[in-house]
Amino acid sequence: MKTFDHVIVGGGILGLSVAKALVERGFRNIAILEKESNHTAHTSGRNSGVVHQGIYYPPQSLKAKLCIEGARRLREFCEEDSLRYEQIGKVILPLTENDNPQLDKLLERAKQNGAVVEMLDQKQLREVEPIAHSLTGRALFSPRTSVVRPKQVVESLAANLIRDGVQVLIGSEVIGVNLAQQKLRTTREDLGFGHVWNTAGLFADRLAHMMGVGLDYSILPFLGAYWELDPRCGFKPQRLIYPLPDLHMPFLGVHFTNSVDGPVYLGPNAAPRFGRENYSGLQGVKWADLASITLHLSSMMLKNSNGIRGLAVSEIKRMARGQIAFEAQKMVPQIRKEHILKSKKAGMRAQLYDRKRNELVMDFLVQSSSVATNVLNAVSPGFTCSLSFGAHVVDQTLNGAKEVSEWNSKAKSS
């Protein structure tokens, strides 16, 4: 049986970032398990590609602490590997005439988090983004918000790790964990480990439950589906255009996202799904997931946790092109229904649900022991934060583990 000092389950952007942090700290005997045939099949390859700047998150949250540092590391990584990284900036617009107090609150929160932001008046907004309009005459501007090609970043990171000697086992799905024996059962073979790192994203709760960890939590999948701006419409945003969000919700509403490759996307919605890989129809729906997801969503609807009733109503409306146009017109008055095209772009959000509190978990969540680290919640801005989040998870685990001195001696002798 093959044995590794560190086995990382889940080869998306966060799993790769954990591996990178381990390599940078001197470890070499590392394996990454990925159940798919590539690293970008799900969330890591399907996200918006936006590099966020820590504007929305409560100042003491992990998201706030890791976002700006993550964006800096991601920019440096792209520069080192000659990857596209476009700093185009973002404007955040009020949606009603009474939104100025909330806009001021967001400005203060952004400054507390160390983000570079400024308040614009209507004239300044026209100079920064000519097609945008503010209902209150004010807007927030984040000049450092950027866009990348997500698949390019993930594939480059994976290639670097392979060159560093990390073993990547594609098509290996974990079907059992024995912490006492420090052994994993996979669809390919059994593996031994010194420490196992759970970065399984949409399946992080299931893997944690195999270890008897995180039993109060379950993943609820939300599908983010996009529309596209017709390139023949006669106008195109120069910046990303976002609405002022409801800070009590983990979703940011319908927005304009310029991609590196040209298309301008509108959306996404945030519709609950009945399967972790349920991108369309009944694809990816499994009976066990269907029952548990239905139960948890029903419980949240009864309590109206996180305002989910209003979310459900708005997301049902956003399935219609006319509703997308209606919401987009609040920010860009010249857009029309006929300017909006269907898009193939869609990604799944692995949103953690706290069964005991009957609410969505808003911040990153990690649970560690001497032999296992479980990243239970790594939702947006998980891609932006990945390199700083991976380093944080590794450092926190190593500093808290009883075997840290033994691990350090292994690293030095490798």
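**Contacts, helices and backbone**

User: Which residues does Gln334 touch, not counting residues up to four places away in sequence?

Analyst: Residues up to four places away in sequence are set aside here, and contact means heavy atoms within 4.5 Å. On that basis Gln334 touches Ile131, Phe235 and His339.

User: What kind of model is this?

Analyst: Residues are numbered from 1 along each chain as its sequence is written, and side-chain values use heavy atoms, with hydrogens and water left out. Local features need pLDDT of at least 70 and side-chain atom pairs count only at pLDDT 80 or more, while totals for chains, interfaces and linings use all residues; the model is predicted.

User: Is Gln334 buried or exposed, or does it fall in between?

Analyst: Gln334 lies in the loop between helix H10 (321-329) and strand S18 (340-354); helices (H or I, at least four residues) and strands (E, at least two) are DSSP runs numbered from the N terminus. Buried means under 20% relative accessible area, exposed over 50% and partly exposed in between, with a 1.4 Å probe and protein chains only. The relative accessibility of Gln334 is 37%, so this residue counts as partly exposed.

User: At what angle do H1 and H11 pack, and how is that arrangement classed?

Analyst: Axes are lines fitted to C-alpha atoms, for helices over the stretch in contact, and angles run from 0 to 180 degrees between N-to-C directions. The axes of H1 (residues 13-24) and H11 (residues 382-400) are 8 Å apart, and the angle is about 45°. Angles under 35 degrees count as roughly parallel, over 145 as roughly antiparallel, 65 to 115 as roughly perpendicular and the rest as oblique. The angle of about 45° therefore makes H1, relative to H11, oblique.

User: How do the residues of the contact of H1 with H11 divide?

Analyst: H1 contributes Ile13, Leu14, Ser17, Val18, Lys20, Ala21 and Leu22, and H11 contributes Phe383, Ser386, Leu387, Phe389, Gly390, Ala391 and Val394. Ala, Val, Leu, Ile, Met, Phe, Trp, Tyr, Cys and Pro count as nonpolar, Asp, Glu, Lys and Arg as charged, and the others, Gly among them, as polar. The residues of this contact divide into 10 nonpolar, three polar and one charged.

User: What is the handedness of the crossing of H1 and H6?

Analyst: The axes of H1 and H6 (residues 150-163) come within 10 Å and cross at roughly 35°. Ile13, Leu16, Ser17, Ala19, Lys20 and Val23 in H1 meet Val153, Val154, Leu157, Ala158 and Leu161 in H6. A crossing is left-handed if the near helix is turned anticlockwise from the far one by less than a right angle, and right-handed if clockwise. The crossing of H1 and H6 is left-handed.

User: Which backbone oxygen does the side chain of His209 reach?

Analyst: His209 is placed in helix H7 (residues 204-210), and it counts as partly exposed because its relative accessibility is 25%. Beyond its neighbours within four places in sequence, it is in contact with Gly214, Leu215, Tyr217, Ser218 and Arg355. At 2.9 Å, the side chain of His209 reaches the backbone oxygen of Gly214.

User: How far does the backbone oxygen of Gly253 lie from a polar atom of the side chain of His255?

Analyst: His255 lies in strand S15 (residues 255-258) and counts as buried, because its relative accessibility is 5%. The separation between the backbone oxygen of Gly253 and a polar atom of the His255 side chain is 2.6 Å.

User: Which side chain is joined to that of Glu277 by a polar contact?

Analyst: Glu277 lies in the loop between strand S17 (271-272) and helix H8 (287-303), and at 18% relative accessibility it counts as buried. A polar contact is a pair of N or O atoms within 3.5 Å; within protein, one must be able to donate a hydrogen and the other to accept it, and residues adjacent in sequence count only if both atoms are side-chain atoms. At 3.3 Å, the partner of the Glu277 side chain is that of His42.

User: What is omega for the cis peptide bond that joins Gly267 and Pro268?

Analyst: Most residues other than glycine have a negative phi, and most peptide bonds are trans. Pro268 is found in the loop between strand S16 (264-267) and S17. Ser380 and Pro381 are joined by a cis peptide bond with omega about 10°. For the cis bond of Gly267 and Pro268, omega is about -5°.

User: What is phi of Ser82?

Analyst: Ser82 lies in the loop between helix H3 (62-80) and strand S4 (85-87), and it is exposed, with a relative accessible area of 67%. Its phi is positive, in a residue other than glycine, and is near 55°.
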